[in-house]
Amino acid sequence: MTQNQDPNPDPSQVLDDLLSPTETAPTSLSSPARVSSFDTRVEKAWAHWKKLGRPKCIVAPMVDNSELPFRLLCQKYGAQAAYTPMLHSRIFTETEKYRNQEFTTCKEDRPLFVQFCANDPDTLLEAAKRVEPYCDYVDINLGCPQRIAKRGNYGAFLMDNLPLVKSLVEKLAQNLTVPVSCKIRIFPNLEDTLNYAKMLEEAGCSLLAVHGRTRDEKDGKKFRADWGAIKEVRKAMRIPVLANGNVRCIEDVDECIRETGVEGVLSAETLLENPAAFAGFRTAEWAKEEGYVDGGLDQGDLVVEYLKLCEKHPVPWRMIRSHVHKMLGDWFRVHPQVREEFNAQNILTFEFLYGLVDQLKELGGRVPLYKKRKIDTPQESPQRV
């Protein structure tokens, strides 16, 4: 006999059920055997994190935008770890071309989180097994709030199916040699968020990244991330916790860690515009405070560095086009005719893109990145990076 499930269950009740012992379980969650096993997993989680150097500044997963050349560029300017773009687990298992184009790495590209979206435990495991030798964590995307995630039934929309979420984590935790990490968004209700995080920890998650916005709060400029909620999650967890949201500069990283107690901080949109943010550079928008001067670096310089990395580590042109748009956005506002020329170029080449940067610089109106003036050498002129 089966019972019809409530199509819109109360998250609190579902989480309570998932965190409660089942009748068929050989031992309860509070039994000495389970406690000992859980303690061991927590110790291993921390040992692995410490072995990686406890990275503080981390490149967040970004669809089509946190690929290898960009990760390496951010790494040069202070990033200590990075996520791949979100990879679709089913397509990854089925299509060799997708695997070869969408996932590339190299020996310098560590620590590395490989992120998958999924809604089938067996498919997720098959995909994870393929990348296991090349990464430090396999990450499950439980936070994507976009419409494509709703249509595909993955990301933050799995918050409506918590038993499935638990099964995804358990499947990887029980069958991989590398740890499992998860990236989530918060529920509107704090208690639901805390129970959700505890469920993931119990299922085998070794590291949790918490985006401090709900699934409906998509606009980062409109909705501030709730660091208070992240702090409460960190206090409730025994595994390492990371924060995501409200990071516009390196000082925000430090402030977030002070306020929440997390191990590290992820940044996404800020790095797309300014991949040198973790090295203390700011765009003009965030350098209005007194004491910031021309840092001797601009986004045109970063584009050239990025293009050289792309020549060495090829990626799809759609990714390159997206990054050039983001990094040269301030320049394009000064010279919109150059942006129009770029947009009209259907087939890109490195020669064209290098020429685009040269053209902007020849037109003048340089848009520098700013850095805090050194107190002990106030007369020092900016040095080239």
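View 1. Tyr83 counts as buried, at 0% relative accessibility, where buried means under 20% relative accessible area, exposed over 50% and partly exposed in between, with a 1.4 Å probe and protein chains only. This is a predicted model, in which local features need pLDDT of at least 70 and side-chain atom pairs count only at pLDDT 80 or more, while totals for chains, interfaces and linings use all residues. Residues are numbered from 1 along each chain as its sequence is written, and side-chain values use heavy atoms, with hydrogens and water left out. Phe113 is likewise buried, with a relative accessible area of 0%.

View 2. The structure holds 10 aromatic pairs, counted for rings of Phe, Tyr and Trp (its six-membered ring) if their centres lie within 6.5 Å, with planes under 30 degrees apart called stacked, over 60 edge-to-face and the rest tilted. The ring centres of Tyr83 and Phe113 are 4.2 Å apart and their planes stand at 15°, so this pair is stacked. Trp49, Tyr83, Phe113 and Tyr137 form one aromatic cluster.

**View 3. Trp317 and Phe350.** With ring centres 4.8 Å apart and planes at 50°, Trp317 and Phe350 make a tilted pair. Trp317 counts as partly exposed, at 34% relative accessibility.

**View 4. Arg321 and the ring of Phe342.** Arg321 lies over the face of Phe342, at 5.5 Å from the ring centre; a charge sits over a ring if NZ of Lys or CZ of Arg is within 6 Å of the ring centre and within 35 degrees of the ring normal.
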